[in-house]
Amino acid sequence: MQAPPRMTVEVPLLSLGEGPADYEALGSYVDALRRPRGLHMTLLHVGILEDFAGDVAAWTKGFTSAEKALERTASWLRGLPVLDGFTASSQRLLSLGGGRVSGLEVDVPEAVRDFQLSLVVALHGLLDELAVDNIDDFILSSPALGYRSPHWTPHVAVGRPKTRRSGPIDIEPLALEFGASQIRNAWVLDGVGGTAPPSEM
């Protein structure tokens, strides 16, 4: 049985370096190198919508129903602003997820960091509207959100590390081009009622 799709706000990686050869060269550091198509950088992870709504209902002890949380979150996602495409660079590989994932560390423009922070602020606003108290604790505790740290590390996951070394690996600098932000699995929102109010971000 296929797992329910996870919702994220992300930017697609359109190009890396001078072409395919530059990406394939990462295979000397990374096992199971992912296909270039579909590479992206996550700006905000929301998780499976039903699970997120269930986390809200449990945290509020039913004061906010899972149904209300689901509909309001879907409407909120529809109303998020879009970040224009941008260029960035990378010159290091990071070991993430307890050593299970190898990712390009991305040096992003300040405007991208500001946009990502605005998404977190907007998430706080959504959770406040849903009557979630101790919002920072909820964000770090919600299994659906899956956050292990309040700090955002811009990266593009590309495969698995060849070794379990925990430190970063320096690589030749690579130019990166990203497209406009989008909601992964946005088709899920089509099945949830409600319309988006004007964005307050």
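This briefing describes the fold, the surface and the salt bridges of one protein model.

The structure is a predicted model, in which local features need pLDDT of at least 70 and side-chain atom pairs count only at pLDDT 80 or more, while totals for chains, interfaces and linings use all residues. Residues are numbered from 1 along each chain as its sequence is written, and side-chain values use heavy atoms, with hydrogens and water left out.

**Fold and dimensions**

- The protein has 5 helices and 8 strands, these being DSSP runs numbered from the N terminus (helices H or I, at least four residues; strands E, at least two).
- Read from the N terminus, the order of elements is β-α-β-β-α-α-β-β-α-α-β-β-β.
- The radius of gyration is 18 Å, close to the 17 Å that the globule rule gives for 201 residues, so the protein is as compact as a globular protein of that length; the radius is taken over C-alpha atoms, and the rule is 2.2 Å times the number of residues to the power 0.38.
- The C-alpha trace spans about 50 × 35 × 35 Å along its principal axes.

**Packing and surface**

- Of the 201 residues, 41% count as buried (buried means under 20% relative accessible area, exposed over 50%, and partly exposed in between, with a 1.4 Å probe and protein chains only).
- Among contacts with a separation of 6 or more, 82% come from residues 24 or more positions apart, a contact meaning heavy atoms within 4.5 Å.
- The protein exposes about 11100 Å², of which carbon and sulfur atoms supply 52%.

**Salt bridges**

- The structure holds 4 salt bridges, each defined as a side-chain nitrogen of Lys or Arg within 4 Å of a carboxyl oxygen of Asp or Glu.
- One of them joins arginine 184 and glutamate 10 at 2.7 Å, N to O; because arginine 184 lies in strand β8 (residues 182–184) and glutamate 10 in strand β1 (residues 7–16), the pair ties together parts that are 174 residues apart in sequence.
- Within this pair, arginine 184 is partly exposed at 31% relative accessibility, whereas glutamate 10 is buried at 3%.
- Aspartate 31 and lysine 162 form another salt bridge, with their closest N and O atoms 2.8 Å apart; aspartate 31 belongs to strand β2 (residues 30–31) and lysine 162 to the loop between β6 (155–161) and β7 (169–178), 131 residues apart.
- Aspartate 31 is partly exposed at 28% relative accessibility, and lysine 162 is partly exposed at 42%.
- Glutamate 129 and arginine 72 meet at 2.5 Å, N to O; glutamate 129 lies in helix α4 (residues 110–129) and arginine 72 in helix α3 (residues 66–78), so this pair ties together parts that are 57 residues apart in sequence.

Technical notes
Accessible areas come from the Shrake-Rupley method with a 1.4 Å probe; for residues, only the protein chains shown count as cover.
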